[in-house]
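Please read this briefing alongside the sequence and the 3D structure shown below.

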Amino acid sequence: MLRPKPPTMPQPTGHLTPPAVVEPTTITPAASVPPPAPLAPAPASTRPTVQLTPGTALALVGGGTAVVLVVGAVLVSLLLAVAVTGVSIAVVAVVLRLLVNDLRKGR
């Protein structure tokens, strides 16, 4: 069976120097720092309240009306396209039926 061969890492070609050893330093405590002042607790309801002014309410109503009108126009135009296609197919079917009947009668 096939056995996977683990990849071999190439050996470095240059002269490597060992990393420099850093001696730990001693930490001397500075002057005492006063503890930070406690923060005021956050209010229970952190969600901002939405306030509707008459202008924004009018803009929302106008935008909603525009969306409804555009969607309605698109749906009506699609319905009209389906209706016209159906009528066209019906007319073609009637004409073909008349032609087939005329060919059968030998006219």
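What percentage of the 107 residues of the protein chain count as buried? The share is 0%, where buried means under 20% relative accessible area and exposed over 50%, with partly exposed in between (1.4 Å probe, protein chains only). This is a predicted model, in which local features need pLDDT of at least 70, side-chain atom pairs count only at pLDDT 80 or more, and totals for chains, interfaces and linings use all residues. Residues are numbered from 1 along each chain as its sequence is written, and side-chain values use heavy atoms, with hydrogens and water left out.

**Helix**
- The protein chain has one helix and zero strands, these being DSSP runs (helices H or I, at least four residues; strands E, at least two) numbered from the N terminus.
- Helix α1 has 52 residues and reaches 76 Å from its first C-alpha to its last.
- Gly106, which follows α1, has a positive phi near 80°.

**Surface**
- The protein chain exposes about 11100 Å², of which carbon and sulfur atoms supply 73%, by the Shrake-Rupley method with a 1.4 Å probe and, for residues, only the protein chains shown as cover.
- Leu75 lies in helix α1 (residues 54-105) and is exposed, with a relative accessible area of 53%.

Technical notes. Expected span 1.5 Å × (residues − 1).
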